[in-house]
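Hello,

Here is the structure we talked about handing over. My notes follow below it.

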Amino acid sequence: MSQVPLSPFQSLQKRASIRLENFFHRCENVESALFMDPGLDVIVSRIVHPDVMAQCFKKVFTYQSNRTFFDYDKILIFTTGELNHLEEYVNLLSSTQKPPREIVIVFSNRCNFIARQFFESCGFLHKIKTEELRLPAWILDPDFATLELPFSFSDLFIDGGGRCIERLSQIIKSFPIYDHFTNVFMIGEAAIEIGKSLPPNFHSAWTHMIIFDRKVDSITPFISATSYEALVAELIGMNYGISHTSKNDLVLFSDQDTVSAQIRHLTFEEASNYAVALFQETQNDLRKDATNMENFRKINETTIQNISIGDHIDILEQIPKIISKDPNMNANLSHELNLILGNLNDIEFIKNAVAYSPDWQTPVRLLALYCQTSNKIPDLNEIRQMIIDRFGLEALAALWTLEEAGIVVSKKKPEFWTNIMRKFNLYSKEITKNSEKPYDGFTPLIVRILQKIAKKQWNDCSVAFEELNIPAKALANRSPDMKRVLIVFVGGAMHGELSSLYHQKYDFRINIDILATQVMSPHKLLNQLAGIEFT
């Protein structure tokens, strides 16, 4: 039998590296510079060898590190295509007195109509060349890959998920073949479509594969998670595993950063206590004797670690300040719990959220939860009008999209959510496991499914799905013991779900790899539904 590699995602990483390096080599014979989105430079540096970067470009910078000098024969702009990034590039390159002689903008995803329309409106379209270099996936951790497919949630809920299904099918089939007959479990229509694309007797590096359609659980995306990483993604923002401090220093949330690896999936309180203790420990290490080279090397490593701890402490100090701007934060978390348990039958709390919340995302998120969990939904015209009157067009766009997706509706719904809660025991009043902590006692459905399969209880899931009219299919019993599992999210994964799944690898002593069309927080999801973010 062939040996399973440490990380099956290594093949994706290698292909991404080859594609990027081949593309960059096109610039090595001219005086050129590489211009990237802040944060994207960190990701690219983890994919492309530094020697290749130095060979191909005179200078590598972002619009934060260089805002003045662009006098090169060629500038290659590598961007995710978010509108805020494009605005920075256009403003800087339009205002400089010595612009580059050639500008090539390379999109890591898709150069869509919105981007082209923006360039045209700025009178910039004729000054640039555009290309697309879609990488197979972004490997943010050795066990986590994401396509960062724009609007994957909307694609699934409104357009049938064609783009998600196609891209995921291509990637799964492209993995190297190993001697494992893989148990494949498909939950939801889109998941079954992906399963149909797999060859008979599918072999892979995984003993088990769970393909999960986001439409089966459209509740979790609107629930607040309290793990450290999930809070940072929701309140401060995170793209490609990178957030920022109050001084705009970039902070990597990855297991490749030793500090981040220890605290990212803890609760906010646990992460705060751990970071402070770690900071004090490293301070003590720095005070030790440094008379020999071995101690000097250790001190240098400690100093680097200390910088990372300081960045995390800065973020941990920001979070309470941000939360304090919403006086109803604790009340809204209580409302979320009551919605999950089906204990709220009126919308007065949403009206209060409209009146007191500093932004539109909170009342819209609560409304989306209410419409999916309550069996007594009144006419929503009044609450919809209140949200639009207070918050304007952005909230209107999000509401339209949620209505089109069938999430915010004005009709009575069956007890679908109540039955899922009961059959899969998704809430525990007494928190006894780490996987229950990210959502304060609530366990995402995908975590319960993983637990059932790991315990060889798929038949229980199959019966429950049949009773709930959820399409599900299994190609199983090929390798009964779960050793390594790939969980595929069709339509996006939430940061809180990743934290809950993270703890399962220790509970069951298995390797868990995750492949998602996109990783999101509730705030980022709602912004995308409103058309604010374009990745």
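How many of the six residues of strand β17 (residues 511-516) are buried? Five are, which leaves the strand mostly covered; buried means under 20% relative accessible area, exposed over 50%, and partly exposed in between, with a 1.4 Å probe and protein chains only. Helices (H or I, at least four residues) and strands (E, at least two) are DSSP runs, numbered from the N terminus.

Before the rest, the conditions. This is a predicted model, in which local features need pLDDT of at least 70 and side-chain atom pairs count only at pLDDT 80 or more, while totals for chains, interfaces and linings use all residues. Residues are numbered from 1 along each chain as its sequence is written, and side-chain values use heavy atoms, with hydrogens and water left out.

The seven-stranded sheet

Strand β17 belongs to an open sheet with the order β6-β7-β17-β15-β11-β9-β14 and mixed pairing; two strands pair if DSSP finds at least two bridges between them. At the edges are β6 (138-141) and β14 (472-475), each of which pairs on one side only. From one strand to the next the twist averages 15°. For this and the other angles, axes are lines fitted to C-alpha atoms, for helices over the stretch in contact, and angles run from 0 to 180 degrees between N-to-C directions.

On one side, β17 runs parallel to β7 (residues 144-146), joined to it by three bridges, and Phe144 stands opposite Ile514. On the β15 (residues 484-490) side there are six bridges, also parallel, with Arg484 opposite Asn511. β6 and β7 pair in the antiparallel sense over three bridges; there, Asp141 has Phe144 in β7 as its bridge partner. Helix α21 (residues 495-507) packs on the sheet, touching β7, β15 and β17, and its direction makes about 160° with that of β17. Another helix, α8 (residues 189-197), lies across β9 (183-187), β11 (208-213), β14 and β15, at about 135° to β11.

Leaving aside neighbours within four places in sequence, Ile514 is in contact (heavy atoms within 4.5 Å) with Phe9, Asp143, Phe144, Ala145, Leu486, Ile487, Phe489, Leu498 and Leu501. One of these, Leu498, is 16 residues from Ile514 in sequence and 8.4 Å away in space, C-alpha to C-alpha.

The five-stranded sheet

Five strands form an open sheet in the order β2-β1-β3-β4-β5, with parallel pairing. Its edge strands are β2 (59-62) and β5 (129-132), each pairing on one side only. Neighbouring strands here are turned by 20° against each other on average, direction ignored. β1 (residues 32-36) and β3 (residues 74-79) are joined by five bridges, and Phe35 stands opposite Ile77 in β3. Helix α4 lies across β1, β3 and β4, running at about 160° to β3.

Helix α5

In α5 (residues 113-121) the buried residues are Ala115, Phe118 and Phe119. They cover an arc of only 95° around the axis, which puts them on the same side of α5; the arc is that of the directions from the helix axis to the C-beta atoms. On the other side, Phe113, Glu120 and Ser121 are exposed. The cover over the buried residues of α5 includes α4 (83-95) and β4 (103-107). After α5 comes Gly123, with a positive phi near 70°.

Aromatic rings

Rings of Phe, Tyr and Trp (its six-membered ring) pair if their centres lie within 6.5 Å; planes under 30 degrees apart count as stacked, over 60 as edge-to-face and the rest as tilted. The count by this rule is 26 aromatic pairs. In one of them, the rings of Phe24 and Phe78 have centres 6.3 Å apart and planes at 85°, so the pair is edge-to-face. Phe24 lies in helix α1 (residues 10-24) and Phe78 in strand β3, so the pair ties together parts that are 54 residues apart in sequence. Both Phe24 and Phe78 are buried. Ring pairs also link Phe35, Phe61, Tyr63, Phe69, Phe70, Tyr72 and Tyr89 into a cluster.

Lastly, Arg26 lies over the face of Phe23, at 4.2 Å from the ring centre; a charge sits over a ring if NZ of Lys or CZ of Arg is within 6 Å of the ring centre and within 35 degrees of the ring normal.

Regards
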